[in-house]
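Subject: A structure for you to look at

Hello,

Here is the structure I promised to pass on to you. Please open it beside this email, and then read on for what turned up in it.

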Amino acid sequence: MRKLYMELIRMRFLTMLAYRVNYYSGIIIYGINIGAYFFLWSAIYGSQQQLGGLTVEQMTSYVAIAWMSRAFYFNNIDMEIAQDVRDGKVAIEMIRPYNYLSVKTAQAFGEGIFRFLFFAGPGIFLISLIIPFHFPSSGEAWGLYLISLMFAFLINTQINLVTGLLTFFLLRNDGMMRAKRVVVDLLSGLVLPISFFPGWAQTAMGFLPFQAVNYYPSLIFTGAITTGRAWELIGFQVAWMLILLMPILFMWKKARNRLVVQGG
């Protein structure tokens with residue numbers, strides 16, 4: 001079974017590689033996003049050296065790595081699940097000798113590896129020629145970031161699985177999926193670092209899983225927190241991963257009994 005999932009990861013990676021136009025446009029888009037946010041935050045900081053607990057240099061790194069991280073954890077498996085349900089394809093997938101949700105996760109992982117290596121990597125390199133920012137100075141810092149990034153991918157994928165599984169019950173939930181994407185980008189710290197939100201909002205968001213998607217790994221990358229605090233944040237990510245697993249298992253069990261094939 002492990003070989004099956006490894007092959008699924010490889011096939012999705014190669015599929016992404018086949019679309020060369022998406023590859024080149026992806027590099028340009030990520031470069032533009034990073035550059036635009038950098039100049040925006042440079043204007044906001046002005047002559048001030050620190051805002052929201054981050055220095056100008058740390059904010060520069062935060063902006064760059066936030067988009068780099070998004071390239072890895074972002075996926076559209078909720079929309080893929082919704083399409084499978086509407087087409088009736090999911091009925092065939094259910095009788096095959098593998099777990100449908102695990103297959104979708106493996107495919108998303110292959111896509112994430114491609115985006116990280118061929119979108120974010122070249123995009124960061126191009127933008128670094130114009131914008132100076134600091135990479136982690138030690139192997140330990142890189143290791144903590146990559147561990148946190150892996151859990152960020154799993155948590156975001158679980159959120160997408162929950163949204164996708166709602167299609168079994170609602171049949172059409174396109175608006176909810178679009179709203180979910182906006183909420184995740186906003187509350188994960190991609191658009192605005194969590195430390196810039198009002199105190200009450202930070203407290204409320206502490207009870208939500210979204211900041212574990214982007215804010216935690218980005219904060220670890222910038223070096224704005226200690227090693228001990230970084231491990232605490234990774235611990236929170238592990239907790240959220242386990243918490244989100246429960247509704248997924250429950251919804252999947254119910255979904256298989258409520259499946260209505262509309263096509264296929």
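One term is needed before we start: a residue counts as buried when its relative accessible area is under 20%. Please also keep in mind that this is a predicted model.

Let's begin with Gln237, which sits in helix 12 (residues 227–258). Is Gln237 buried or exposed? Its relative accessible area is 0%, which is under the 20% cut-off, so Gln237 is buried. If you set aside the neighbours within four places in sequence, Gln237 is in contact with Ser148, Phe151, Ala152, Ile155, Ala212, Tyr216 and Pro217.

Not counting residues up to four places away in sequence, Ile155 touches Gln237 along with Pro209, Ala212, Val213, Trp240, Met241 and Leu244. Ile155 also belongs to the largest nonpolar core, which has 70 residues; Leu101, Ile155 and Phe168 are the ones that touch the most other members. Helix 3 (residues 56–73) gives this core its largest share, 11 residues. There is a second, separate core as well, made of six residues, among them Tyr5, Leu8, Tyr98 and Ala106.

Tyr5 and Leu8 bring us to helix 1, where both are among the buried residues, together with Ile9, Arg12, Phe13 and Met16. Seen down the axis of helix 1, these buried residues fall within an arc of 130°, so they line one face of the helix. As for its length, helix 1 (residues 2–18) has 17 residues and reaches 25 Å from its first C-alpha to its last, close to the expected 24 Å.

How many cavities of 30 Å³ or more does a search of the whole structure find? The search finds four, and the largest cavity holds about 70 Å³ of space. Its lining includes Arg70, Tyr73, Asn156, Asn160, Lys180 and Asp185. Helix 3, helix 7 (139–165) and helix 9 (174–187) each supply at least two residues of that lining, and the largest share, four residues, comes from helix 9.

Enjoy exploring, and write back with any questions.

Best wishes

Terms used
Residues numbered from 1 in each chain as written. Predicted model: local features only at pLDDT ≥ 70, side-chain atom pairs only at ≥ 80, totals over all residues. Heavy atoms only, no water. Core = buried A, V, L, I, M, F, W, Y, C linked by side-chain atoms within 4.5 Å. Buried < 20%, exposed > 50% of the residue type's maximum accessible area, 1.4 Å probe, protein only. Contact = heavy atoms within 4.5 Å. Expected span 1.5 Å × (residues − 1). Arc of directions from axis to C-beta. 1 Å grid on protein atoms, 1.4 Å probe; cavity = no way out; pocket = protein on both sides within 12 Å on 5 of 7 lines; lining within 4 Å. Points joined across faces, edges and corners; volume = space filled by probe spheres on them.
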